[in-house]
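Please look over the sequence and the model shown here before reading on.

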Amino acid sequence: MIQFECRLLRGLLGFICLLLMCMSAAPDLCGPLRTVQDSLNSSLRRRYMKMNFPINYTVQVHYEEVFRLRNISRLNTSNEDEPEPVQNKDLQDLWLLVSQQGIKRVLRVLPERHPTRCKYLSHLEDLFRDVEAVFPRDEERDRPESIQKIFDRLEDPYYQGWKSVTPKSILDNSYRTMLCLFKECFSKEDDQYNYCEILNRRKGKKTT
């Protein structure tokens, strides 16, 4: 009986050790996201995405590539009508795609030696690839219908839903929605600020 309990205890300890090893080997998403946050600070966005472009300069993006806080609210409220509810991970996945697409849109219109390309956007594109490399995905789970429709339109080469936006607004939206969707990586214990509240950007503390 004692030998059996010892073997059982050793087996349990081995399982716990294996579990801890797996947990420690799991990629940390917050680290790459905080690096992206550093490169999306307001002074860099203003310098490279506004001051380095002509006044009122715009680029063409798909409607779905303008991903704002109000889009998050709208997609969350659509849960009532969907058999498969929208989860935060679905919105995070969409944020990652839209952010990467937005950077590509700006890079396509920039000359090879443009300072925004050489000194900022190319590096930022690499940082988003780092996030993508550790982003957890459930390949077996189907996306909610409202999210899948957006992905389908973004991946359709013949889709003609275009909108003119400033280069800076692309990264402004990416920054704000990132703080909302990954708030566990950026909020502190004593921080009562709601990064997902649209009107908060007009009050005291700003995220821009």
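The link of Cys30 and Cys185 is left-handed, with -70° about the S-S bond. This pair joins distant parts of the chain, 155 residues apart: Cys30 is in helix 2 (residues 30–39) and Cys185 in helix 9 (residues 183–186). Helices here are DSSP runs of H or I with at least four residues, numbered from the N terminus. The model is a predicted one, in which local features need pLDDT of at least 70 and side-chain atom pairs count only at pLDDT 80 or more, while totals for chains, interfaces and linings use all residues. Residues are numbered from 1 along each chain as its sequence is written, and side-chain values use heavy atoms, with hydrogens and water left out.

A disulfide is a covalent bond between the sulfur atoms of two cysteines. It is assigned here to a pair of cysteine sulfur atoms within 2.5 Å, and the structure holds 2 disulfides. In the link of Cys30 to Cys185, the S to S distance is 2.0 Å. Cys30 counts as buried, at 16% relative accessibility; buried means under 20% relative accessible area, exposed over 50%, and partly exposed in between (1.4 Å probe, protein chains only). Cys185 is also buried, with a relative accessible area of 6%.

The other disulfide is formed by Cys180 and Cys196, with sulfur atoms 2.0 Å apart. Here Cys180 lies in helix 8 and Cys196 in the segment after helix 9, 16 residues apart, and the pair links distant parts of the chain. The link of Cys180 and Cys196 is right-handed, with 105° about the S-S bond. Cys180 is buried at a relative accessible area of 3%, whereas Cys196 is partly exposed at 23%. Counting bonded cysteines along the chain, the disulfides follow the pattern 1-3, 2-4.

Next comes helix 6, which covers residues 115–134. How far apart should its ends be? At 1.5 Å a residue, the 20 residues of helix 6 should span 28 Å, and the end C-alpha atoms are 29 Å apart, which agrees. The expected span is 1.5 Å times one less than the number of residues. Helix 6 has a kink of about 40° centred on Leu121, where the bend is the angle between axes fitted to the seven residues ending at a residue and the seven starting there. Leu121 is also among the buried residues of helix 6, which include Thr116, Tyr120, Leu124, Phe128 and Val131. Cys118 is partly exposed, with a relative accessible area of 48%.

Last come the pockets. On a 1 Å grid over the protein atoms alone, a pocket is an open set of points where a 1.4 Å probe fits, with protein on both sides within 12 Å along at least five of seven lines, and lining residues have an atom within 4 Å of a point. The largest pocket holds about 210 Å³ of space, a volume being the space filled by probe spheres set on the points, which are joined across faces, edges and corners. Its lining has 13 residues, and Asp90, Asp93, Asp138, Arg141 and Arg143 lie nearest the centre. Helix 5 (88–109) and helix 7 (145–155) each supply at least two lining residues, and helix 5 gives the largest share, 3 residues. By class, this lining has 4 nonpolar, 1 polar and 8 charged residues. Ala, Val, Leu, Ile, Met, Phe, Trp, Tyr, Cys and Pro count as nonpolar, Asp, Glu, Lys and Arg as charged, and the others, Gly among them, as polar.

The second largest pocket has a volume of about 170 Å³. Residues that line this pocket include Met49, Phe53, Tyr57 and Pro167, and its lining has 6 nonpolar, 2 polar and 2 charged residues.
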